[in-house]
Structures are given as C-alpha cells and as structure tokens.
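Open the model in your viewer and keep the selection panel at hand.

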Amino acid sequence: TGCYYVARGRWPGYKKYQVLSKHRSYAAAIRSMSSHFAKGHYKRADVLLCADYYDPIQVCELVRL
C-alpha cells in the first residue's frame with residue numbers, strides 16, 4: 001500500500017534528474033513524463049516505482065537521440 005511512482009526528467013548536459021511529479025498510479029506517471037518529454041526540453045526521462053522498504057526501481061525510460 002505504500003508505493004508511488006515518480007516521474008523524472010534530465011536536461012541535456014546535466015547529470016542530475018529533476019522530479020516532475022509524484023503519482024499513485026503508473027498510467028498517470030507515464031502521462032506526466034511523456035507530456036514533459038514531448039515538449040522537447042528533456043534529453044532523458046523515466047518513471048521510478050518507490051515502495052516503503054525497498055530501493056526505487058526504474059520501470060520506464062525515454063531517451064532522445
């Protein structure tokens with residue numbers, strides 16, 4: 001019950017990710033990530049699954065070539 005999804009994005013040339021949004025559902029996190037990525041600002045974007053006692057797991061990633 002203690003899991004949520006975090007959408008993140010990274011600008012070209014940057015090393016650290018920026019948190020875009022936090023959601024309770026996977027579909028909402030994917031929509032948020034893809035809408036920010038489609039605007040053309042980010043080189044890389046992903047969605048993390050965060051649970052109470054475990055490390056975050058990357059479940060989806062978009063990369064602009």
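**Rings and charges**

Select Arg10 and Tyr17: Arg10 lies over the face of the Tyr17 ring, 5.7 Å from the ring centre. A charge sits over a ring if NZ of Lys or CZ of Arg is within 6 Å of the ring centre and within 35 degrees of the ring normal. This is a predicted model, where local features need pLDDT of at least 70, side-chain atom pairs count only at pLDDT 80 or more, and totals for chains, interfaces and linings use all residues. Numbering starts from 1 along each chain as its sequence is written, and side-chain values use heavy atoms, without hydrogens and water.

Next, pick Arg64 and Phe37. The charged end of Arg64 sits over the Phe37 ring, 4.3 Å from its centre.

Now the aromatic pairs; the structure holds two. One of them is Trp11 with Tyr42, tilted, at 5.0 Å centre to centre and 50° between the planes. Trp11 is in the loop between strand 1 (4–10) and strand 2 (18–23), and Tyr42 is in the loop between helix 1 (26–38) and strand 3 (44–50), 31 residues apart. (Rings of Phe, Tyr and Trp, its six-membered ring, pair if their centres lie within 6.5 Å; planes under 30 degrees apart are stacked, over 60 edge-to-face, the rest tilted. Helices, H or I, of at least four residues and strands, E, of at least two are DSSP runs, numbered from the N terminus.)

Zoom out to the cartoon. The protein chain has one helix and four strands. From the N terminus on, the elements run β-β-α-β-β. Along its principal axes, the C-alpha trace spans about 35 × 20 × 15 Å.
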